[in-house]
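These are my notebook entries on a few local features that I looked up. The sequence and the structure come before the entries.

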Amino acid sequence: MDAQTTLFLADWIAPIESPAFQDGGFAVQAGRIVAMGSRESIKRADPNAEVHDFGNAVVLPGLVNAHTHLELSSCTAGNSPGGTFAQWILSMRQRMQNPDATTAAKLGIDQCVRFGVTCVGDITQKAAITRPVLAGSPLRAISFGEVLGLGAFRHRFDELFGPAVDRKHDTPKLKIGLTPHAPYTVDIDGYRACLQFARANQLPLATHLAETFDELTFLQSSMGPFRWVWEQLGTWREGVPTFQGSPIAMAQAVGLLDYPTLLAHVNYCDNQELEILSRGQASVVYCPRTHKYFGHPPHRWREMLAQGMNVAVGTDSCASSPDLNLLDDLRLLRKIAPEIPVQTIWEMGTIRGARALGMQREIGSLQPGKFADFLVFDSTASDPLEAILQSAAIPKSVWIDGKRIGD
């Protein structure tokens with residue numbers, strides 16, 4: 001180790017991919033962890049290094065919010081959507097007529113940092129606005145450019161596609177991805193085009209899938225509440241391709257499940273569909289508080305985990321969640337499923353989110369070779385990871401690349 005080494009020590013270190021241990025620490029050089037071990041062994045390795053000893057605290061990896069919409073951070077969800085999901089969609093369109101996406105994105109980023117999120121999977125239709133804001137922030141991010149449009153509105157898909165995949169805002173921390181919005185806003189040919197482009201250009205790919213039961217009706221017959229939405233917008237046109245199967249079956253048929261696609265929500269799936277998902281490469285991102293907000297039936301995330309699927313956690317947006325506090329989504333998981341090991345709950349907010357974004361080699365856990373993105377919580381508890389979930393605590397400090405955010 002050389003003079004540029006910084007040592008971080010605490011009563012508890014929680015790497016996440018291995019058990020938490022006491023009286024530990026790690027060494028950081030050029031923003032990456034280079035060594036980890038006991039407090040004394042780390043201190044002996046470089047007596048001249050700068051030392052941060054957090055004392056009665058637990059250090060754990062920065063949280064990964066794998067699915068959110070930063071440009072909706074100016075919205076207020078309320079206690080319920082106040083109607084059906086389709087009515088909520090129309091209300092959102094009205095509320096977003098003249099949004100200030102720059103201000104909203106900044107608000108969302110500030111919330112993320114305050115609550116310990118160091119990486120986001122962000123969905124954006126206003127990429128030219130939100131990406132410069134993200135690039136100027138401390139966060140790591142995959143910015144998924146959103147495309148949608150079918151029927152008489154199909155031209156909108158083509159208009160959005162170019163800005164969605166424009167890489168001019170790429171930075172070491174900001175990577176560009178692509179997201180066909182959902183089966184009720186993108187036709188099958190649109191999904192195929194997105195997958196083909198993502199494969200050819202090695203882009204991260206995401207979509208909202210099986211978010212509501214009404215997707216099935218629309219996909220199979222172009223009828224139901226989503227047809228009503230298109231008619232209300234005056235953009236319905238006959239001839240939209242249908243698919244005689246479920247949204248998950250459609251995703252399989254198109255090839256989305258043979259690619260490491262991020263599937264947001266997946267609130268509706270039967271046993272056969274669980275089996276289909278378990279055989280694929282896709283990750284599921286469950287948004288607990290948004291799921292509760294819309295009153296969906298119990299999510300099958302525990303069964304997904306049991307079948308070996310990668311399941312992560314996201315907040316969704318402030319239009320369907322009280323805020324972007326991913327810790328509170330993890331706390332809700334703990335309340336829903338106290339039988340699930342606490343380590344697994346934390347995995348869903350860290351390393352599993354990193355896997356969903358294709359960033360597991362860089363972030364999501366504390367280990368040599370990964371970026372030094374971490375959180376510090378004051379704690380004197382014998383089980384600090386459980387104690388955090390049983391409290392309303394937020395991080396005492398947030399660090400990215402081994403540098404404290406806010407200094």
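I looked up the pairing of strand E10 (residues 206-209) and found 4 bridges joining E10 to E11, the two running parallel. Strands (E, at least two residues) and helices (H or I, at least four) are DSSP runs numbered from the N terminus, and two strands pair if DSSP finds at least two bridges between them. Leu 262 in E11 is the bridge partner of Ala 206.

The model is predicted: local features need pLDDT of at least 70 and side-chain atom pairs pLDDT 80 or more, while totals for chains, interfaces and linings use all residues. Residues are numbered from 1 along each chain as its sequence is written, and side-chain values use heavy atoms, without hydrogens and water.

I next checked the side chains of E10. Ala 206 and His 208 point one way, Thr 207 and Leu 209 the other, and all are buried (under 20% relative accessible area, with exposed over 50% and partly exposed in between; 1.4 Å probe, protein chains only).

I then turned to Ala 182, in the loop between strand E9 (174-180) and helix H6 (188-201). Ala 182 counts as buried because its relative accessibility is 0%. Beyond its neighbours within four places in sequence, Ala 182 is in contact (heavy atoms within 4.5 Å) with Tyr 191, Thr 207 and His 208. Ala 182 and His 208 are 26 residues apart in sequence, yet 5.0 Å apart C-alpha to C-alpha.

Last, I noted that the buried residues of helix H10 (residues 271-278) are Glu 273, Leu 274, Ile 276 and Leu 277. The buried residues of H10 pack against helix H9 (247-254), strand E11 (262-265) and helix H12 (301-306).
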